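Keep the viewer open and follow the headings in order.

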Amino acid sequence: MIIFQHVTKEYNHHGTVALDKVSFKIQHGEFVSIVGRSGAGKSTVVKLLIGEDKPDKGQIFFGSYEVNKLKPSDMPEYRRHIGVIFQEFRLLTRKTVFENLSFALEVAGRPQREINEFVPQVLEMVGLTDKAKNFPTELSGGERQRVAIARAMINRPDLIIADEPTGNLDPLNTWEVIKILMKINELGSTVLLATHDKEIVNTLGQRVITLEDGKVVRDEEHGRFLIG
Amino acid sequence: MVTLSRIIKYGLQAIWRNGLLSASTISVMILAALVFEGLIIFNVVGKSAVQSIQDKIDISVYFKSNTPEDTILGIKRSLEGLNEVKSAEYISREQALEDFKAKHATDDAIKQALDELTSNPLLASLNVKAKDPHEYSTIADYLQNPSLKDNTEKITYAQNQTVIERLIALVDTLKGAGILLTIFFAFLAVMVSFNTIRLAIFSNSEQLSIMRLVGASNKFIQGPYIVEGCFYGFISAVISFVILIPIVGFLSPYLHSFIPELDLAVYFRNSYVLLFFYQLLFCIIVGILSSSIAIRRYLKT
């Protein structure tokens with residue numbers, strides 16, 4: 001379960017409030033979209049949840065972790081429970097597709113036998129079996145994003161966070177990515193999708209949290225993208 | 001153990017895949033290693049040069065022609081008992097004449113003049129060398145002692161005092177300059193290597209943040225870079241040493257003619273294991289330290 005409790009985050013150097021007393025709860029297994037215009041605070045929610053930044057006020061819980069109180073030394077272990085997908089893919093460019101995936105398992109100390117078994121399975125799931133030996137620079141945008149998704153899910157995390165994962169993709173690849181996210185959700189992982197793509201949100205018909213100027217203005221069980 | 005083998009694997013993989021960057025880092029480190037090795041050789045040459053100058057400084061005490069040999073040998077022993085004295089060589093009147101004859105064997109005029117002599121005009125002497133050139137004045141003072149003075153004809157120190165002092169000043173300057181140059185160039189070599197490795201890591205900083213995002217611990221991020229640094233150090237040490245061998249071979253005869261006491265090639269042959277060990281140690285320490293310091297700023301989460 002994810003809990004944001006009166007979370008406030010200000011970026012002093014910009015003089016702006018990124019999040020203003022934001023509170024919400026997400027149950028295990030939910031598929032939640034966080035929507036809003038650019039600068040509404042979507043990416044800040046993601047950053048705070050993965051521990052890349054700390055809130056100024058409020059508390060953030062993920063499972064048994066109180067994220068805002070985690071020490072730098074606790075972060076590696078904590079992050080292995082979360083898979084993150086970014087708009088700009090953020091793959092290790094000097095490692096092959098196979099190695100990008102195996103790296104996530106190796107840092108978690110998984111045995112080689114398990115790695116050799118898991119990586120091909122996940123690659124098959126995202127349809128990239130034949131690209132295992134390619135480097136990310138040799139792939140198309142859609143393929144890169146599928147590698148990123150495969151990496152995010154390889155540790156079988158409790159939560160997958162996707163921050164504008166379709167921002168750099170054409171419509172065909174966009175739907176490919178959304179379908180994979182839905183599949184991951186069906187397999188039991190919580191999915192948190194930060195997006196400003198109206199069509200995706202409306203088609204999903206899942207829970208939508210709408211942010212405006214750092215505040216939660218709407219939280220609907222089967223929401224739609226309603227931003228003027 | 002599994003983690004360590006993965007760290008080593010990633011380190012070696014990165015060296016291979018970043019071929020150009022690795023090659024340029026190794027090139028810079030080879031230059032640094034050559035400077036370091038050059039400094040060692042410079043110090044050996046410098047020491048030999050200083051030693052050669054020091055060996056040329058001595059005090060000769062000439063004894064009156066009627067001083068018995070026993071007295072001179074007694075003085076020799078007492079001089080050798082002094083802490084400041086490195087050696088005291090006795091040259092008898094006969095020996096002095098032999099030496100003189102040998103030295104001027106080709107000069108007919110002198111040879112003729114010597115043949116006409118009925119007695120040996122040369123005096124017995126003690127050739128005194130100090131452990132430290134600064135101590136010649138102390139030794140000279142000792143020789144001015146009234147009990148010795150009765151037997152001595154002349155002491156060369158007074159005549160050569162200015163030259164000796166100048167030579168001492170030259171030796172001191174050479175030693176000081178050697179230390180300063182060594183510190184300066186060693187610092188330069190370390191800084192150049194450090195900055196090259198730092199730039200290589202900086203160009204990779206985005207990758208480091210990605211590694212953190214997928215849950216890599218600090219040792220998993222840092223480890224491969226330390227392996228890289230260590231490998232760069234090892235390769236640079238080996239290559240620079242191979243480059244050094246012909247350089248030493250080329251320079252040795254020139255240095256030998258300049259400082260006859262110095263045979264660089266022989267020195268190199270006798271101490272190449274130690275020299276290579278120093279070089280290896282220097283390169284690996286620079287490699288590892290540079291990597292670990294440079295990467296530290298990227299390890300904050």
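## Salt bridges

A salt bridge here is a side-chain nitrogen of Lys or Arg within 4 Å of a carboxyl oxygen of Asp or Glu. Glu30(A), Arg207(A) and Asp219(A) are linked in a network of such contacts. Please bear in mind that this is a predicted model. Over all chains, the structure holds 13 salt bridges.

One of them joins Asp53(A) to Lys9(A), with the closest N and O atoms 3.4 Å apart. This pair links distant parts of the chain, the two residues being 44 apart. Asp53(A) sits in the loop between helix 1 (42-49) and strand 4 (57-62) of chain A, while Lys9(A) belongs to strand 1 (residues 2-11) of chain A. How accessible are the two partners? Lys9(A) has a relative accessible area of 8%, so it is buried, whereas Asp53(A) is partly exposed at 21%. The cut-off that separates them is 20% relative accessible area, with buried meaning under that value.

## A bridge between the chains

Next, have a look at Glu99(A) and Arg17(B), which form a salt bridge with their closest N and O atoms 2.6 Å apart. The pair crosses between chains: Glu99(A) lies in helix 3 (residues 97-106) of chain A, and Arg17(B) lies in helix 1 (residues 2-17) of chain B.

Is Glu99(A) buried or exposed? Its relative accessible area is 15%, so Glu99(A) counts as buried. Arg17(B), in turn, is partly exposed, with a relative accessible area of 29%.

Helix 3 of chain B holds both Glu80(B) and Lys76(B), which are separated by about one helical turn because they are 4 residues apart. Their side chains meet in a salt bridge, at 2.9 Å from N to O. Glu80(B) is partly exposed, at 38% relative accessibility.

On the surface, a patch of negative charge gathers Glu69(B), Asp70(B), Glu89(B), Glu94(B), Glu98(B) and Asp99(B). Two elements of chain B give two or more residues to this patch: helix 3 (69-80) and helix 4 (93-103). Which element supplies the largest share of the negative patch? That is helix 4 of chain B, with 3 residues. Glu69(B) has its place in helix 3 of chain B. Patch members need over 30% relative accessible area, and Glu69(B), at 42%, is partly exposed.

With 37% relative accessibility, Ile247(B) counts as partly exposed.

Phe42(B) is found in helix 2 (residues 19-56) of chain B, and its relative accessibility of 38% makes it partly exposed. Phe42(B) and Leu20(B) are 22 residues apart in sequence, and their C-alpha atoms are 32 Å apart in space.

## Confidence

Confidence in chain B is highest in helix 10 (residues 218-258), at a mean of 90, and lowest in helix 7 (residues 146-149), at 78.

For the model, the scores are ipTM 0.83 and pTM 0.72.

Conventions
Residues are numbered from 1 along each chain as its sequence is written. Chains are lettered from A and ligands numbered from 1 in the order in which they are written. This is a predicted model: local features need pLDDT of at least 70, side-chain atom pairs count only at pLDDT 80 or more; totals for chains, interfaces and linings use all residues. Side-chain values use heavy atoms; hydrogens and water are left out. pLDDT is the predictor's confidence in each residue, from 0 to 100. Patches are made of residues with over 30% relative accessible area and no salt bridge: like charges are joined within 9 Å, nonpolar side chains (Val, Leu, Ile, Met, Phe, Trp, Tyr) within 5 Å. Accessible areas come from the Shrake-Rupley method with a 1.4 Å probe; for residues, only the protein chains shown count as cover. Lys and Arg count as positive and Asp and Glu as negative; His and the chain ends are not counted. The place of a charge is taken as NZ of Lys, CZ of Arg, CG of Asp or CD of Glu. Buried means under 20% relative accessible area, exposed over 50%, partly exposed in between (1.4 Å probe, protein chains only).
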